[in-house]
Each structure stands twice: as C-alpha cells, then as structure tokens.
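Work through the exercises below with the model open. Try each task before you read its solution.

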Amino acid sequence: MRARRIVVKAGSSSLTTPDGAIDAARIDALVDVLAGWRRADGRREVVFVSSGAIAAGLGPLGLPARPRDLALQQAAASVGQGLLFARYTTSFARYGLGVGQVLLTADDMMRRSHHRNAQRTLEQLLAFGFLPIVNENDTVATDEIRFGDNDRLAALVAHLIRADALILLSDVDALYTGDPREPGARRIEDVREPADLDGVRLGGSGRVGTGGMVTKVEAARIAGVPVVLTNADSAGAALAGENVGTYFHPAGVQPSTRRLWLAHATTGQGRLRLDPGAVEAVVGRRKSLLPAGVTGVEGDFSAGDPVDMCDDEGRVVARGLVNYDAAEIPDLMGRSTRWLARELGPEYEREIIHRDDLVVLVTEEAAARRP
C-alpha cells in the first residue's frame, strides 16, 4: 500500500479468545504486521483503533458474555482497558516502539475544543514516533454520547488525522453478498458506489463486539479515503496492497469530521420545528438557524447538545449543536436577533444553531417535496 499515514481498526473478535480473554498470540501477530510495515519506511505512520476493552474485562469479572447493562459494560471496560493496553505496550516494545493511549468519547468529536485537543494529541504522538492506540472511553461514555462501535470511530479518526487509508479488520475476510457460510455467497471485491451493494444482505454483530457489516459499510462510506475490509490474518497482505478483502473507493468530497459525527454518530436530544423559510435557508442555502425561523421546540436539552431540525410536517431535515437550553427557546421563537439583543442583551444576538455546527440530512429537492 502506497499510503504513508494509515488507520487500522481491529474488532474485539480479532483480539480475544472465545471466552473473552485477551489472546496474546493474536495481538502479537497483529503487532508484528503493523510494526513491520511501519519500520520498512521511516516516513510511515500508523494509528491503531482497538476494540476489546469490554471483552477483555469479562473474564476477570466472571461475566459469561457481554452485558447489556451500561454500568456492567463500564466496569468491564475499566478492568479490561488496562489489561489490553499493557499487552500492547509489551508487544510493541519488542520492536522498540512506544505507544500512547488515546481514549475518546463521541463528545470529544462534538465539542470544538475537545476535537482540536484530540487532533493535537494524535499529531504530537506521531511526531514523537509513537504509535497512538485509540479506543472509545467506555468507562465514562453513556448511551447518549457513544460511537456505538469502533468502525465509525476509526472512520472519524481517519478524518481527524487526514489519513491516506483505513483498514478495517474483522472476523470475516471480506464483504459478501450474503452469509459467507452459505452456498452461493460471493465475495465483493470493489465497492465504488452505493449501487454496488444493491441486494447485499449485511449480517449483524459477532460474539463479543457491537459492530457488524452494517457499521463497517457505513464507516467505509463516511471515511473519505480508500478503505479495505478484511480479517486480521490478511492484515499484512492488505498493507502490501494485495487483492484481499473488499476495497471501498472514496466517494468524492467529504464534509468535516464534526459534521460526519453529527450525521452518523449522534442522536438528536430534542427537536426544533422550522417554518418553510428557515428550512429553505438551512437546507438550500446552508445558512444558520435563526430564532425567527423556529416555530416549535420539543424535548429537554441543554446548550451544546445535538438536536434535530424538522420541517412543518415533522420530517428531520438537519441536525446541529444548539446554542440555547430547551427552556430558553420559546421566548426567542419568531424574533429577530437584533430585537433580542436590544430587549434581552447582546448575548442574545446569536444563532439558535450556527451553520458551522449543523449538517443537512436531506437533499434540497427532498426538503421541497410535500407528502
């Protein structure tokens, strides 16, 4: 592979034994591949996105399977994360490579200051010649601020560090037209556009992970760089540019990392109803949402939360980070920012949602259609 800077993501099933314990031999084999690729050219850089913290904590806690309860997941992650990182530290040390742990929540991609801090941290680790190991911070992430799986996290990290390529390692060697265990299932070698996946049945998650082919295809779609999907045993061949797995071609110009996060890794914590003029301004002209265009508010959210913007039929047309608490907005609706500043103070001369903090979720044509 000609890429100089890559992101490699490995799922839980690629790193643990059937009973959920860390598989030292599999980790060492993967480290051999990553360290070998990196050492072959001193200009090469790797960021490794590793799942497995919750899975690694199951055995020590005596849990027979991944729990559904969030508190139990967080406890397992608290135990497993240290074990997992210690194993990586020891394994990469065989090659004289230092590693740095970077734990992120989806909130870190949302808040501008957190986003920049994460970017700077990763860049500094790479500049020092260290290999960053990224995982979701499962010990503190709640259902509302989770990536949900590390496939999306890896795609966003690829954006964050301006990577040249992304490799997703799974327990399946490629994307198939159906369950690869069934007769007639065919490997898909290249995906250039969504139509290439017409009729493809995407399976669910595996034994100890949260992702599945659905999240991997979604990650490939939003990554904005070439993506290879294969299994851990084929990681070396993928890095060498051999014809393994499924190759996803990048799809044109991509939005910013924060907008990708808003579109694909968040859930609206409330709703704002927009009048037709505001819908046209937000969707058609990519303008900020002003108080004058809001006709209704639903939900209990705080300033900085992601909220959905809906048309007068209740259809979601955009999502953004709101500048006001839900309780404040009814008194602002229908008012101009100039009036609000004059009557309430200069701090109210601002948008409900700034255009830099929103992502449009429908096309202009779709927004214009009425049922």
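**Exercise 1. Find which element gives the most residues to the lining of the largest cavity, then describe that cavity.**

Solution. 
- Step 1. Helix α3 gives the most to this lining, with 4 residues. Keep in mind that the model is predicted.
- Step 2. Look for further contributors. α3 (70-93), β3 (99-104) and β4 (131-136) each supply at least two lining residues.
- Step 3. List the lining. Ser50, Gln81, Leu84, Phe85, Tyr88, Gln101, Val102, Leu103, Ile133, Val134 and Asn135 make it up.
- Step 4. Sort these residues by class. The lining has 7 nonpolar and 4 polar residues, and no charged ones.
- Step 5. The largest cavity holds about 40 Å³ of space. The count of cavities of 30 Å³ or more comes to 1.

**Exercise 2. Decide how the buried residues of helix α11 are arranged around its axis.**

Solution. 
- Step 1. Locate the helix and its buried residues. α11 covers residues 337-344, and Thr337, Leu340 and Ala341 are buried there.
- Step 2. Look down the axis. The buried residues of α11 fall within an arc of 100°, so they line one face of the helix.
- Step 3. Turn to the other side of α11. Arg338 and Arg342 are exposed there.
- Step 4. Check what comes next. Gly345 follows α11, and its phi is positive, near 125°.

**Exercise 3. Is Arg319 buried or exposed? Describe its surroundings too.**

Solution. 
- Step 1. Arg319 sits in strand β12, residues 316-321.
- Step 2. Apply the cut-off. Buried means under 20% relative accessible area. Arg319 has 11%, so Arg319 is buried.
- Step 3. Find a polar partner. The side chain of Arg319 makes a polar contact with the side chain of Asp308, at 2.7 Å.
- Step 4. Survey the contacts, leaving out residues up to four places away in sequence. Arg319 touches several residues, among them Leu262, Thr266, Pro306, Asp308, Asp357 and Leu361.

How values were computed: Residues numbered from 1 in each chain as written. Predicted model: local features only at pLDDT ≥ 70, side-chain atom pairs only at ≥ 80, totals over all residues. Heavy atoms only, no water. Buried < 20%, exposed > 50% of the residue type's maximum accessible area, 1.4 Å probe, protein only. Polar contact = N/O pair within 3.5 Å; in protein donor to acceptor, adjacent residues only side chain to side chain. Contact = heavy atoms within 4.5 Å. 1 Å grid on protein atoms, 1.4 Å probe; cavity = no way out; pocket = protein on both sides within 12 Å on 5 of 7 lines; lining within 4 Å. Points joined across faces, edges and corners; volume = space filled by probe spheres on them. Nonpolar A, V, L, I, M, F, W, Y, C, P; charged D, E, K, R; others polar. Arc of directions from axis to C-beta.
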